[in-house]
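Please keep the sequence and the structure in view while reading.

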Amino acid sequence: MAAMTTSRFDTLQAPPKDPILGVKEEFLADAATDKINLSVGAYRTDEGQPWVLPPVAEARKRLIEGKLEHEYLPSTGLKSYCDRVDLLLRGKTSETSATVQGLSGTGGLRLCFEFLRRHHSPTVYVPAVTWSNHWNVLRDAGCDARPYTYLDGIKLDWPKLVADLEQAEEGAIILLHLCAHNPSGVDPSSEQWRELCALCQRKRFLPVFDSAYLGFASGDVDKDAAPFRLFCENGLQPWACISFSKNFGLYSERAGAVVASCASAREASAVRGHLGKLARALYSNPPAFGARVVDAVLADAALEARWRECLVVMSGRIADMRAKLRSALEARTARDWFVHCVGIKVRASARAIDATVCHAIDATVSARWRDGRCPRRSHITSQVGMFSYTGLNKQQVLRLRAEHHVYMLESGRLSMAGVTSSNVEPLAAAIAAVL
Ligand code: LMR
């Protein structure tokens, strides 16, 4: 038989690199010894090393020394873990909650939106500036993702945000970042959350909270969970997609959850069943180890207290680095380092929006600093969580990579978690050099 020579995928072009993970690849390929990685949001110690949280290490040890088997979990995940995660988020137990294990943040979001598109609505309003992967997940789940205004430069554009949502389709789904907004680090105030809650009630929205940074904004899980709890108290029956990558340092274990608030225990049981059915077809059942670690920490009061202390340590170190970076920049740059650029039109319907377009939006919005209206470097210390939206434009970011081996996202987002006492001065010097 003659060998087949025709190509099956002849017309297929390699996809563009992921705007976040692709930068890390570039960083790894750089041979420089003084390079600085501020791309992917992953916590580093002040020595620039990943941190295995001590209570996590302890729980892991106990699990390994114990009777660890490797049987399948149910499609809905580890039951005790789901109950504890639900309690962690809500601060109290609920008969009407349907919580299932998810594959960390991304997998949970996919499961959540797969369910909501089938059983509720395909229309999802997404902050125009958001984590880039939201667009990919929503596209692949077949949702109609539509942007709503979030920022004006680095400030929350509250009037436009409210106006956009007032115009939004009634009963639609609204995606919110629970805390430590990625990429900007800009969260609504408590008063604004209350207004948003009333607006969602009026418009009968179904709120979905992306909860990837619980504990990273304030160092306190209960404070950071307040918007979700507020929406629950007001009968909005919000959903949440939780990731334990950052706050437990379990990046590769894919521990997460989808939390659905329902009207009754009967409804919760049906929702849980359908989420499990979808999981069965997507990946059958979730990985057990990360969930077991989280479960073991939350099951033991002493370990949980140590974990809560770790959140204070991580968020505290990041706040410290914010202050150091700000003063290092202030010492070096007399001029405002914000840039101006022309905006591009955000398309009204995001059906056509793909990740590339959304990146352009992100980058453009981040670069639209307005003369005299933007705060100066103080945004570095007023933003919260892992990221800082620096205001640097794409050209400056690319110069930082090429000339100074400093790697951040093209939108100007840098991961504060990668800033350390030893790289903060060279970082400030590099930024000052590209202004
Ligand atoms: C990030 O935003 O850097 C993290 O959430 C990692 C990721 O998967 O993009």
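## Basis of the description

The model is predicted, so that local features need pLDDT of at least 70 and side-chain atom pairs count only at pLDDT 80 or more, while totals for chains, interfaces and linings use all residues. Residues are numbered from 1 along each chain as its sequence is written, and side-chain values use heavy atoms, with hydrogens and water left out.

An open sheet is formed by 7 strands in the order 2-10-9-8-7-3-4, with mixed pairing. Its edge strands, which each pair on one side only, are strand 2 (97-103) and strand 4 (144-148). Direction ignored, neighbouring strands of this sheet are turned by 20° against each other on average, the axes being lines fitted to C-alpha atoms. Strands here are DSSP runs (E, at least two residues) and helices are DSSP runs as well (H or I, at least four residues), both numbered from the N terminus; two strands pair if DSSP finds at least two bridges between them.

Strand 7 (residues 173-177) is largely enclosed by the rest of the structure, because 5 of its 5 residues are buried, where buried means under 20% relative accessible area with a 1.4 Å probe, protein chains only. In a regular strand the side chains alternate between the two faces of the sheet. Here Ile173, Leu175 and His177 point one way, whereas Ile174 and Leu176 point the other way.

Strand 7 pairs in the parallel sense with strand 3 (residues 123-127) over 2 bridges, and in this pairing isoleucine 174 is the bridge partner of tyrosine 125. With strand 8 (residues 206-211), strand 7 also pairs in the parallel sense, over 5 bridges; isoleucine 173 stands opposite leucine 206, and histidine 177 stands opposite aspartate 210. From strand 7 the chain crosses through helix 7 (residues 190-202) to strand 8 in a right-handed β-α-β crossover, meaning that the path over the helix runs clockwise when the strands point away from the viewer.

## The ligand and its surroundings

Among the residues that surround the ligand are Ile20, Val40, Asn182, Tyr213, Lys246 and Phe387, each with a heavy atom within 4 Å of it. In the side chain of arginine 413, an N or O atom is 2.8 Å from an oxygen atom of the ligand. The protein covers 80% of the 260 Å² of accessible area that the ligand has on its own, as given by the Shrake-Rupley method with a 1.4 Å probe.

Technical notes: Buried means under 20% relative accessible area, exposed over 50%, partly exposed in between (1.4 Å probe, protein chains only). A polar contact is a pair of N or O atoms within 3.5 Å; within protein, one must be able to donate a hydrogen and the other to accept it, and residues adjacent in sequence count only if both atoms are side-chain atoms. Axes are lines fitted to C-alpha atoms, for helices over the stretch in contact, and angles run from 0 to 180 degrees between N-to-C directions.
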